[in-house]
Amino acid sequence: MRFPKTMAVLLFLLCFFFWPAPMIAVTHASDTADTGHAPENHAAHDSTEASAHGSGHANLGEVLPLWSCIPFACMLLSIALLPLLLPNFWHHHFGKVSAFWAAVLGVPFLWIFKGGAVYEILHIILVDYVPFIILLWSLYTVSGGILLRGSLRGTPVVNTIILIIGALLASWMGTTGAAMLLIRPFLRANNYRKNRTFMVVFFIFLVANVGGSLTPLGDPPLFLGYLHGVTFFWTFKIMPHMLLVSVLLLIIYFFLDTYHYRKESASVPSEEAKEALKIEGTYNFLFLGGVVGSVLMSGMVDLGEINILGIHRAVQDWLRDGILVLLGIASLIATPIKLREDNEFTWFPIIEVAYLFIGIFITMIPCLLILKAGTHGELAFLINIVEKPYHYFWVTGALSSFLDNAPTYLTFFNTALGSFYSGLTEAQAVPLLMTENAIYLKAISAGAVFFGACSYIGNAPNFMVRSIAEETGTPMPSFFGYIIKYSLIYLVPTFAIVSLIFF
Amino acid sequence: MIFKKVLFHTHFRELALNSLKTILELKKAGLESIILTHIIPRDEVSFVPYGGYLKETENQLKAEARMRFEDWQKIIAEHGIKSRIRIEVGAPNAEILSIAEEEGVDLIVIGRKKRTLVEKVYVGSHIMDILRRSPVPVLMSKYMVQFEWENEQLTRTNDHIFDRPMLATDWSQPSENALQRMSALKGLAKTILVVHVIDAKLSKGMSRDRLSEIEKESKLRLKNYCRKIEKSGMRAEYHLSAGKTVQELVRLSRDHKASMIVMGKTGKDWFSEYWLGGVSHQIAELSELPALLIP
């Protein structure tokens with residue numbers, strides 16, 4: 001079985017990172033006290049010390065070489081290229097690939113920076129990875145218990161309405177949840193249509209990406225921002241950008257669909273049995289409300305801090321994670337297995353996200369630390385080049401098109417922090433970025449979310465939608481076909497308009 | 001109530017063909033057609049992380065399955081039985097149950113895969129899920145089984161599974177249903193064993209008089225079961241025992257050389273059924289004999 005083997009690798013890695021933590025930290029502290037020098041250790045020590053006081057970790061970022069970002073680049077390139085070049089190998093071994101790149105970074109990082117490295121790895125796992133996966137899991141589990149039954153006729157008007165509903169839902173149930181809820185009814189509604197490819201592509205644009213830009217629940221990059229101090233409702237500030245992109249894309253879609261509908265002389269088969277539309281598992285909307293509520297709660301209350309393995313984390317954050325897990329379990333218990341089966345619900349996509357993102361998060365540590373060091377780090381040239389808001393929009397966007405948009409967001413979020421507030425702690429810098437330099441954060445957020453639609457690998461639901469469409473017989477363009485025939489033609493000009501107007 | 005149409009599901013694990021051959025004997029009891037079914041789990045071909053759908057792999061897996069089935073169809077045809085092939089992609093349990101409903105089968109035959117440690121501890125394996133949810137009888141076929149008996153590792157081959165079926169009854173409606181279903185084995189079963197176990201939990205702290213009353217009553221009922229079986233033209237014998245039900249049933253099946261165990265599905269509430277498994281499910285899981293569960 002694939003699952004236990006990959007799980008074992010993952011567990012090994014986690015154990016490897018977790019087990020020596022206190023021991024190394026203690027040894028390191030005494031070493032430093034004894035010798036009082038050795039620059040790397042000193043940096044690590046400062047970092048560990050700083051952590052205890054809740055400040056940033058600029059020193060480690062100042063000493064890390066640029067090539068320490070190579071495993072991160074390789075991890076992202078593996079995600080970009082292996083599904084295209086070696087799909088079978090990738091499908092069965094992606095967890096091992098992720099573990100491999102995590103080890104390539106983790107082992108030497110721990111060897112050289114000892115306590116500092118342990119702290120950074122634990123920090124990214126406990127503060128970023130765990131809540132990130134828990135939120136995705138709970139949204140995926142809860143939305144997987146909602147089933148839309150009934151026969152729809154896929155006319156241009158109906159299809160446009162489905163896309164609007166999907167885009168509206170995406171910000172509240174996650175792009176993955178909204179896409180999974182609607183893609184099968186959308187495909188069923190159009191199964192009598194000849195040309196369905198463009199429909200699925202626009203579904204990916206709107207439901208699996210652009211629609212998720214209004215709340216941290218919508219798209220993973222925004223949730224990472226939320227975890228780093230961006231307030232829940234701040235993301236509403238990119239509503240004008242989102243509305244502009246959505247309206248433009250919906251108008252284009254409506255005309256395209258009308259053109260094809262007429263050209264095909266499409267008519268709904270008369271023998272088709274009509275089934276009234278109905279939503280089953282509606283109680284899952286309550287759980288969804290619980291998810292929204294618990295995420296909101298964690299941003300509004302202050303219950304103090306708790307120190308776990310040397311990492312300080314707010315009690316309300318742990319509480320939120322616990323509630324999210326309970327809501328997921330409640331949804332599993334309350335939803336009949338038959339309903340999930342009819343929804344063709346499977347754990348595979350979320351397991352895949354969990355495996356890949358542990359690799360992404362661990363390998364991206366040096367990159368984030370160097371960026372946080374601002375002009376004192378080896379990525380100073382990048383910080384100096386990326387100056388204007390539209391730079392942030394296009395650079396974040398361009399990279400989000402080909403790399404997963406969540407780590408890309410975090411990278412440029414840190415670039416902005418390093419650029420404007422180098423030396424300040426994250427807790428001090430983020431509120432300033434949200435107010436004094438809000439346009440930059442808007443550019444990063446909009447760029448990361450919108451451009452995730454530019455390729456199949458820009459955002460996790462893209463490939464899931466593609467997979468389901470292909471399974472049900474809708475031909476989908478190749479990786480480059482998608483970019484050339486759709487992204488460059490419809491998305492890039494739309495983003496250019498957004499850039500001209502807002503950035 | 002004969003088994004005219006049977007769904008035979010396989011993962012093409014070793015000895016799957018032998019398992020199929022064991023059910024061809026049902027021809028003598030009226031079997032007319034077999035739906036050869038293979039489900040490719042969706043995760044095998046779909047949701048390639050950041051990729052798409054492995055259409056070529058799906059086609060290849062389907063072609064391989066078809067080729068194997070076509071070879072099997074020759075053997076089935078030699079026995080004068082019709083057969084059809086169904087190869088689908090999806091969630092195995094849901095697809096098996098859905099095909100069974102579509103085709104209107106009278107019996108689902110599924111193989112038991114080697115259990116992992118987790119599945120040994122956790123009764124709710126995939127196969128248990130089908131046993132729990134199927135509205136038609138399910139035969140859990142076990143062609144060759146390794147098991148432990150009196151500290152010895154033994155291997156058993158179940159090739160004539162319908163020779164001496166053992167009907168275990170708890171007097172419930174599902175047990176009555178199972179009794180009625182036994183007539184489907186007419187012309188096939190040499191003797192039908194009817195057994196009942198007075199459960200230790202029930203007899204604990206019971207007075208001697210009450211116990212002998214229950215014993216007497218149980219014997220009467222067992223005789224009644226035998227009479228019904230004999231009326232339909234088959235031989236029957238009964239055995240009564242007391243103790244822990246599952247262990248006693250396994251012992252009775254060994255002592256009296258049963259060839260399979262037939263039971264009505266015990267009707268427990270959802271929670272106990274899912275996490276603990278009813279007696280019927282535990283027997284299906286623990287016994288070295290094939291288990292036929294009747295809803």
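This is a predicted model: local features need pLDDT of at least 70, side-chain atom pairs count only at pLDDT 80 or more; totals for chains, interfaces and linings use all residues.
**Reading rings, cores and a sheet**

Modeller: A:F357 and A:F361 are both buried.

Biologist: How far apart are the ring centres of A:F357 and A:F361, and what is the pair called?

Modeller: Ring pairs are read from the angle between the planes, where under 30 degrees counts as stacked and over 60 as edge-to-face. Here the centres are 5.9 Å apart and the planes stand at 50 degrees, so the pair is tilted. The two residues lie four apart in helix α14 (residues 348-363) of chain A, which means about one helical turn between them.

Biologist: Which parts of the chain does the pair of A:F451 and A:F495 link?

Modeller: That pair is also described as tilted, at 4.4 Å centre to centre with 35 degrees between the planes. It joins distant parts of the chain: A:F451 belongs to helix α20 (residues 438-451) of chain A and A:F495 to helix α22 (residues 479-502) of chain A, 44 residues apart. A:F451 has 4% relative accessibility, so it counts as buried. A:F495 is buried too, at 0%. Over all chains, the search finds 42 aromatic pairs.

Biologist: Which residues touch the most other members of the largest nonpolar core?

Modeller: In soluble globular proteins, nonpolar side chains tend to be buried together. The largest core here has 210 residues, and A:F109, A:F205, A:F450, B:L26 and B:I34 touch the most other members. Helix α6 (residues 87-143) of chain A gives the most to this core, with 28 residues. Beyond its sequence neighbours within four places, A:F450 is in contact with residues including A:H241, A:F393 and A:F495. Another core, of 33 residues, lies apart from the largest one and has B:A168 and B:I283 among its members.

Biologist: In what order do the ten strands of the open sheet in chain B run?

Modeller: Strands of a sheet pair through backbone hydrogen bonds, either parallel or antiparallel. In chain B the order is β3-β2-β1-β4-β5-β12-β11-β8-β9-β10, with mixed pairing. β3 (82-90) and β10 (235-243) of chain B each have a single partner strand, so one side of each is left without a neighbour in the sheet. From one strand to the next, the twist averages 20 degrees.

Biologist: What does helix α3 of chain B touch?

Modeller: Helix α3 (residues 55-78) of chain B packs on the sheet and touches β1 (5-9), β2 (33-41) and β3 of chain B. Helix α9 (residues 208-231) of chain B also packs on the sheet, touching β8, β9 (191-199) and β10 of chain B.

Terms used: Residues are numbered from 1 along each chain as its sequence is written. Chains are lettered from A and ligands numbered from 1 in the order in which they are written. Side-chain values use heavy atoms; hydrogens and water are left out. Two strands pair if DSSP finds at least two bridges between them. Axes are lines fitted to C-alpha atoms, for helices over the stretch in contact, and angles run from 0 to 180 degrees between N-to-C directions. Contact means heavy atoms within 4.5 Å. A nonpolar core is a set of buried Ala, Val, Leu, Ile, Met, Phe, Trp, Tyr and Cys residues joined through side-chain atoms within 4.5 Å. Buried means under 20% relative accessible area, exposed over 50%, partly exposed in between (1.4 Å probe, protein chains only). Rings of Phe, Tyr and Trp (its six-membered ring) pair if their centres lie within 6.5 Å; planes under 30 degrees apart count as stacked, over 60 as edge-to-face and the rest as tilted.
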